[in-house]
Amino acid sequence: MEYRFYGWETATQPALNTEYKGISTPQSLYDALLNIWCEYTCAPRLREEWSKENITLGQCSITSFLVQDIFGGRVYGILRPGGNYHCFNVVDGVKFDLTSEQFGDEVLDYEHVEEQFREEHFKKTEKKERYEYLCKELKEYLNRV
């Protein structure tokens, strides 16, 4: 299968734990998240723009920290206009961004980045709650399939 997220060709790192039954690579996580990402998991400031057609919109930080839970590595952020960061992952030296499709044809700069930390991001209660919801929904989804 051909994916459209940034780095999909090399996003084949194995899961470091079995907490999420059936998730073996970032690609398999992406497949599962397509069934879970929703308006609620979208960042509140972007919810009015979120749609099934742009399912990855506003999902970056919570998704990146979930990726880190499963595959390890680090989360980095690309500074965006307006001062927010777009988060993505680097695992074993491989960069990939499960939510890059939200930017359409825009080419993001994955070189000039800053490491992101969940402790800082989760100071926002709504973001921590969206992350916890995403984790819970993923486990429930995997138990059904």
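On a 1 Å grid over the protein atoms alone, a pocket is an open set of points where a 1.4 Å probe fits, with protein on both sides within 12 Å along at least five of seven lines, and lining residues have an atom within 4 Å of a point. Grid points are joined across faces, edges and corners, and a volume is the space filled by probe spheres set on the points. The model is predicted: local features need pLDDT of at least 70, side-chain atom pairs count only at pLDDT 80 or more, and totals for chains, interfaces and linings use all residues. Residues are numbered from 1 along each chain as its sequence is written, and side-chain values use heavy atoms, with hydrogens and water left out.

**Pockets**
- The second largest pocket has a volume of about 190 Å³, and its lining includes R4, F5, Y6 and G7.
- The largest pocket holds about 600 Å³ of space; of its 26 lining residues, R45, C60, N84, Y85 and K127 are the closest to its centre.
- Helix 4 (125-144) contributes the most to the lining of the largest pocket, with three residues; helices (H or I, at least four residues) and strands (E, at least two) are DSSP runs, numbered from the N terminus.

**Strands**
- Strand 1 (residues 74-79) and strand 2 run antiparallel and are joined by six bridges; two strands pair if DSSP finds at least two bridges between them.
- I78 has H86 of strand 2 as its bridge partner.
- Five residues lie between the strands in the hairpin of strand 1 and strand 2, where G82 takes a positive phi near 95 degrees.
- Strand 2 also pairs with strand 3 (residues 94-96) in the antiparallel sense, over three bridges, and N89 stands opposite F96 in strand 3.
- Six of the seven residues of strand 2 (residues 85-91) are buried, where buried means under 20% relative accessible area (1.4 Å probe, protein chains only).

**Aromatic contacts**
- The structure holds 11 aromatic pairs; rings of Phe, Tyr and Trp (its six-membered ring) pair if their centres lie within 6.5 Å, and planes under 30 degrees apart count as stacked, over 60 as edge-to-face and the rest as tilted.
- F65 and F122 form an edge-to-face pair, at 5.5 Å centre to centre with 65 degrees between the planes.
- F65 lies in helix 2 and F122 in the loop between helix 3 and helix 4, so this pair ties together parts 57 residues apart in sequence.
- F122 also forms a tilted pair with Y131, at 4.8 Å and 35 degrees.

Notes. Buried < 20%, exposed > 50% of the residue type's maximum accessible area, 1.4 Å probe, protein only.
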